[in-house]
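Subject: Two-chain model for you

Hello,

Please look it over, then read my notes below.

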Amino acid sequence: MSGKKIYIVDDEGDLAELLQMHLEDMGYHCQREVDSRTALEQLDTVRPDLLITDVQMPYVSGYALIEKMQQISPETPILVITGFAHENKTAAALPQVTTLQKPFNLSELVERVQSLLPIS
Amino acid sequence: MKRKKKAITLLKTLGQRLLNRKDSTLSESDFFLETILDHLPHMVFVKEARDLRFVRFNKAGEKLLGITNEEIIGKNDYDLFPKEQADAFTAKDREVLNRRETVVIQEEPIQTPHGLRYLHTQKITITDRQQQPLYLLGISIDVTEDRKNRELIELQKEKLIQSARLTAVGEMASGIAHEINNPLAIIATACQHLVTRQAERRLDDAALDRNLGIIQKTVTRIARIITGLRDFSRDGEDDPFEPVAISDVLEATLPYCRERFAMHGIDFQMEAPSEDWRIECQVVRLSQVILNLLNNAFDAVSETGRLDGFVKLKVVESATSYQILVEDNGVGLVPETETSIMLPFFTTKPVGKGTGLGLSISAGIVKDHGGEIQFRRRKEGTEFSVTLPKFIANEVAL
């Protein structure tokens, strides 16, 4: 196992769980969070090698998480998954951020993840 | 006695003269009267009280009924109209004469050479000094065109109401697209995960159960949104009033606006009311009212273009009622428009954007619920409130 850690933050709990299942199958170590407030607090402790986050979430938006991530670890790649086309654009302009629009094909997500965080 | 006799003789003579209009023995005053009547744009006729024979008939009447003066004078309704219609006219005439008063017939149909026309007619009794009816004076205004216009306006109103509903549905559509995209993404992901595992021959029961469970749950979620949409686009006017939790009414609107607020960066805050707060209502219609207020708030905030725009939805309780409050920090109301905003077709929105029907329809629905819509200006923006009586179950009331 590579021991590479992915933090998945999405208020759609089922989606986060499915992504975790799939990415763990691939050999990643995953942690997921549905509450963006908790995610913001935990980010420093979790210290992921890749952050996968939604943008529109209750309480704390994905942007706040991106900002925090970049403060903690500017080199950590971030994959933004959102249903909103305009937010895809806004987020894609940020450093280290790659975007994927929902609903996405799981194989697309896998490709992105693999290129951002290669196993081995 | 002598005077009365004299008066009657005089009137009889006058009546006779009127009957023989063509004998060109009209006095100056008769001629004067005749000229005035002929210049009136409305049909004027005079019938003598005994046999209800026509003694006067002006030019407008000739034109309307297509009957000349020569043809009509000295005749009664039975000589001119089908029996049924003559019966009706005569009965009305008799009633007027017996009661010695003026009767207004709002609209009566009559066959004319120009087709069926509708007349607004006043029938007036002309009596002698002893209050004995001598003549029946009729003045008829052709209201056929008014009637047509009225029907047209009614039809257009209905169309506008329909289009207002469609506009609301259109506004909801973009929100719904996102509301459905999310669960679709979940289903797609679950399926692809299963396919991948199966391809790698690693599909165990636990993974299968979990993924199928998620798919099933998510399909139900989409179905609920679709059902809600179907509910929303219908009238709901004949739905029964049922006791429901206010929170359910508010929740029903969320799929159609939450995403829209989010998409436009408007902060939407809802304070969920207690589940015990119940009202008796038609859920669909009341939800439409709430959605209408939320959409108005959305428009008001959008118009400002501000980045800190918000819309708040909450419920407060008073002794006998609940108040659903929709507050925004949008453009707000100006005093001049405050008196008009509840009126049908009044709108401050740009042309093509608002129909001006939302609030008036909403006010009607809330009134049907024994409640009322009010609003007040805030320091910034507006707060609308829908006050509804509390539902108290019988056993609790005892």
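**What was found**

Of the 398 residues in chain B, 42% are buried (buried means under 20% relative accessible area, exposed over 50%, partly exposed in between, with a 1.4 Å probe and protein chains only). This is a predicted model, where local features need pLDDT of at least 70, side-chain atom pairs count only at pLDDT 80 or more, and totals for chains, interfaces and linings use all residues. Residues are numbered from 1 along each chain as its sequence is written, chains are lettered from A and ligands numbered from 1 in the order in which they are written, and side-chain values use heavy atoms, with hydrogens and water left out.

**The two chains**

Chain B has 14 helices and 12 strands. Helices (H or I, at least four residues) and strands (E, at least two) are DSSP runs, numbered from the N terminus. In chain B, 61% of the contacts with a separation of 6 or more are between residues 24 or more positions apart (contact means heavy atoms within 4.5 Å).

Chain A has 120 residues, and 52% of them are buried. Its secondary structure comes to 5 helices and 5 strands. Along the sequence the pattern is β-α-β-α-β-α-β-α-β-α. For chain A, residues 24 or more positions apart account for 61% of the contacts with a separation of 6 or more.

**The interface**

The size of an interface is often given as the accessible area lost when the parts come together. Chain A and chain B bury about 1900 Å² between them. Of that area, 56% is on carbon and sulfur atoms. Buried area here is the accessible area (1.4 Å probe) that two parts lose on being put together, summed over both. On the chain A side, A:D14, A:L18 and A:D25 lose the most area to chain B. Together they give 28% of what that side buries. The contact takes 19 residues from chain A and 22 residues from chain B.

A:D14 also turns up in the surroundings of B:T218. B:T218 sits in helix α8 (residues 205-233) of chain B. B:T218 is buried, because its relative accessible area is 2%. Leaving aside neighbours within four places in sequence, B:T218 is in contact with A:D14, B:P183, B:I186 and B:I187.

**A helix pair in chain A**

Two packed helices are described by the angle between their axes and the distance between the axes. Helix α2 (residues 36-46) and helix α3 (residues 62-72) of chain A have axes that come within 10 Å and cross at roughly 5°. So α2(A) is roughly parallel to α3(A). Axes are lines fitted to C-alpha atoms, for helices over the stretch in contact, and angles run from 0 to 180 degrees between N-to-C directions. Angles under 35 degrees count as roughly parallel, over 145 as roughly antiparallel, 65 to 115 as roughly perpendicular and the rest as oblique.

From α2(A), the residues are A:S36, A:A39, A:L40, A:L43 and A:D44. They meet A:A64, A:L65, A:K68, A:M69 and A:I72 in α3(A). The residues of this contact divide into 7 nonpolar, 1 polar and 2 charged. Ala, Val, Leu, Ile, Met, Phe, Trp, Tyr, Cys and Pro count as nonpolar, Asp, Glu, Lys and Arg as charged, and the others, Gly among them, as polar.

**Backbone points to check**

Most residues other than glycine have a negative phi, and most peptide bonds are trans.

- A:R47 is not a glycine, yet has a positive phi of about 50°. A:R47 lies in the loop between α2 and β3 (50-53) of chain A. A:R47 is partly exposed, at 46% relative accessibility.
- B:Q131 has a phi near 65°, also a positive value in a residue other than glycine. B:Q131 is in the loop between β4 (115-127) and β5 (133-142) of chain B. At 45% relative accessibility, B:Q131 is partly exposed.
- A cis peptide bond joins A:K102 and A:P103, with omega about -5°. A:P103 lies in the loop between β5 (97-101) and α5 (106-116) of chain A.

**Buried sites**

B:R56 lies in strand β2 (residues 54-57) of chain B. B:R56 is buried, at 5% relative accessibility.

The structure holds 0 disulfides over all chains (a disulfide is a pair of cysteine sulfur atoms within 2.5 Å). A:C30 is buried at 4% relative accessible area, and B:C281 is buried at 0%.

Best wishes
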